[in-house]
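Please look at the sequence and the structure below before reading on. The report that follows takes up helix packing and then the strands.

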Amino acid sequence: MKKVLVMGGNQFLGKKVCEILLEKKYEVFAINRGNRENLKGINFLKCDRNNEEELRKITENLKVDYIVDISAYTGKQADILQKVMSGKFKQYILISSASVYNNIESYPVQEESSKGKNEIWGQYAEDKYLAEKVTIENSDRYNFKYTIFRPFYIYGEENNLDREKYIFSRIENDLPIFIPNDGSNIIQFGYVDDLVEGIIYSFDNENFFNEDFNISGEEGLTIEKYIDICGEIVNKKVNKYFVNLEKEKPKARDWFPFRNVHLLGDITKLKNTGFKIEYSFKNGMKKTYNYLIKNNKLQTPKVNDIERNLYKKNNI
């Protein structure tokens with residue numbers, strides 16, 4: 001039985017990784033701080049990954065085939081883990097982020113596009129880029145194969161970020177949705193199950209050794225189209241209002257779940273490995289909506305102060 005160490009493992013993507021790995025009969029180890037319930041069937045190792053001594057102690061007798069690192073948000077975190085586990089794994093899969101792309105002159109972005117610090121995504125993007133950089137450097141130092149995945153917007157059941165739930169709850173409860181500018185920014189979404197299947201597909205696959213990949217669904221959607229599709233799924237008319245950011249002055253992320261920028265990538269390199277994206281955006285969102293309805297997660301949402309002010313200005 002192949003063994004996998006999942007860094008994280010008890011929230012959204014990490015939880016889904018563990019769930020599908022267990023279904024496929026892998027032996028799964030998960031390292032996290034235990035602040036949330038872990039799935040039954042995994043080998044839970046309680047540890048703060050930032051504490052090198054603690055991490056070394058808890059992994060002293062651990063040897064695995066693959067590491068799936070979902071919780072590496074800095075170069076230091078990646079470095080500590082790779083050093084501590086040196087010689088005790090074969091392949092390291094880093095879940096990075098499409099936010100590492102900077103100085104973008106055209107879309108969709110490709111793997112060779114410029115990467116590093118950028119003003120739009122701030123410290124998060126810089127730290128993810130440094131985690132990639134450290135991983136590449138350490139692969140020679142500690143003799144392991146790496147695979148870097150750069151997801152765009154991930155969606156699906158149990159998303160801990162208020163994105164799908166934000167839109168669906170407002171439609172479900174006949175509340176307005178205030179869209180930044182004209183809603184024409186194009187963004188790309190990937191269903192969580194597709195990302196997990198891509199991760200597993202990379203195991204022991206030479207096409208993925210020491211390579212980086214964009215991973216997402218195949219569709220680029222405007223913000224307005226994204227919202228319209230959600231309305232189709234709920235089978236309700238969406239009350240859309242457009243907010244002129246220059247006139248009103250708030251930043252989109254002060255009330256809305258997405259930044260007012262394009263985020264679109266080319267996944268040709270991934271497709272050329274033979275991996276296939278299974279879910280269309282609408283099909284994945286239908287599953288997400290059904291989960292939210294079934295688990296009573298679409299109650300009347302709390303609106304923030306910016307939304308309240310927009311209510312007044314639009315006489316709602």
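## Two packed helices

Helix H7 (residues 223–234) packs with helix H10 (residues 281–294) at an angle of about 55 degrees, and their axes lie 10 Å apart, where axes are lines fitted to C-alpha atoms, for helices over the stretch in contact, and angles run from 0 to 180 degrees between N-to-C directions. That makes H7 oblique to H10, because angles under 35 degrees count as roughly parallel, over 145 as roughly antiparallel, 65 to 115 as roughly perpendicular and the rest as oblique.

In H7, Tyr226, Ile229, Cys230, Glu232, Ile233 and Val234 meet Phe281, Lys282, Met285, Lys286 and Tyr289 of H10, contact meaning heavy atoms within 4.5 Å.

## Basis of the model

This is a predicted model, in which local features need pLDDT of at least 70 and side-chain atom pairs count only at pLDDT 80 or more, while totals for chains, interfaces and linings use all residues. Residues are numbered from 1 along each chain as its sequence is written, and side-chain values use heavy atoms, with hydrogens and water left out. Helices (H or I, at least four residues) and strands (E, at least two) are DSSP runs, numbered from the N terminus.

## Strands and an open sheet

Strand E6 (residues 145–151) pairs with E10 in the parallel sense over five bridges, two strands being paired if DSSP finds at least two bridges between them. Within this pairing, Phe149 has Phe213 in E10 as its bridge partner.

An open sheet is formed by three strands in the order E7-E9-E11, with mixed pairing. Its edge strands, E7 (153–155) and E11 (220–222), each pair on one side only.
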